[in-house]
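The explanation begins with a sheet and then turns to the pocket.

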Amino acid sequence: TLPPDNAPGSGFSDPDFAIDAAGSVYLSEINLANVAVSKSTTSGRSYTLQNFFAQTITDRQWTAAGPADVLFIVGNPDEGGTVPTDPVGHEQHTIYRSTDGGKVYSAGVDDNGGLGDIVFDQASATLYEAHFADGNLQIAAFRKALDPIAQVALTPEMSTVASGVSLLSHWPAIDVDSKGNVYIAWDESGGGGRAAGIWYSYSTTGGRTWAAPTRVDPDERTDIWPWIAVGDAGK
């Protein structure tokens, strides 16, 4: 039995939040074979279920919101999932877009190599996502994210952050500041030429070029799975 239309919290795992430019809060949650998306226009005090089947037969969704009622979601359909021996951790990674507040979504667009943790830059109307394949850590910049044609909107421009990367966990973390600078942090196992630990880079060119990677943790302990958040420009 499906929950009523106003049922909040229609999932049990991997909740993810996104906030659009109008202040609406979106909550996506895995519920067995689907991802449900709810929306709040009361700063998170109450939610309305928008779509119980925003994704089906899927795992590990990520969301980002743009202008009012625009929501992007990525996930791993067809029983994908995180695989400990594969740092990409994804099968048939797919990206979707909603322009009506999470009720209806575009046809899924193949996003092979995508690692989730998507971030939208309101100033440049660009959606960012980390990608990884064959030791290359890249940033996918969806610079036409608001184009009315979903297939065009969800086609990325790729740039390389670092090569010879040996990811230790499943995904890097990214964020964008108010000036459009893009930041990324990831972990390395030590098998690709860089020391094991947490590494970091940034871009002041909208993700087109990247600073040389810098190691964050100075000791020899095992550090994995970083997260990153930015404040004012450059912080």
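**An open sheet and a pocket**

In this predicted model, four strands form an open sheet in the order S13-S14-S15-S16, with antiparallel pairing. Strand S13 (173–176) and strand S16 (214–215) stand at the edges; each has a single partner strand, so one side of each is left without a neighbour in the sheet. Strands of a sheet pair through backbone hydrogen bonds, in either a parallel or an antiparallel manner.

S13 is joined to strand S14 (residues 182–188) by four bridges, and the two run antiparallel. Within this pairing, aspartate 175 has tyrosine 183 of S14 as its bridge partner, and alanine 173 has alanine 185 of S14. The hairpin of S13 and S14 has five residues between the strands, and glycine 180 there takes a positive phi near 85°. S14 also pairs with strand S15 (residues 197–203), in the antiparallel sense and over seven bridges; here serine 201 in S15 is the bridge partner of isoleucine 184.

How much of S14 is buried? Seven of its seven residues are, so S14 is largely enclosed by the rest of the structure. Both of its faces are covered: Val182, Ile184, Trp186 and Glu188 are buried on one side, as are Tyr183, Ala185 and Asp187 on the other.

The largest pocket has a volume of about 230 Å³. Its lining comprises 13 residues, and Phe17, Thr63, Ala64, Ile118 and Val119 lie nearest its centre. Strand S1 (13–19), strand S5 (62–65) and strand S9 (119–121) each supply at least two residues of this lining. By class, the lining has ten nonpolar, one polar and two charged residues.

Conventions: Residues numbered from 1 in each chain as written. Predicted model: local features only at pLDDT ≥ 70, side-chain atom pairs only at ≥ 80, totals over all residues. Heavy atoms only, no water. 1 Å grid on protein atoms, 1.4 Å probe; cavity = no way out; pocket = protein on both sides within 12 Å on 5 of 7 lines; lining within 4 Å. Points joined across faces, edges and corners; volume = space filled by probe spheres on them. Nonpolar A, V, L, I, M, F, W, Y, C, P; charged D, E, K, R; others polar. Pairing = 2+ DSSP bridges. Buried < 20%, exposed > 50% of the residue type's maximum accessible area, 1.4 Å probe, protein only.
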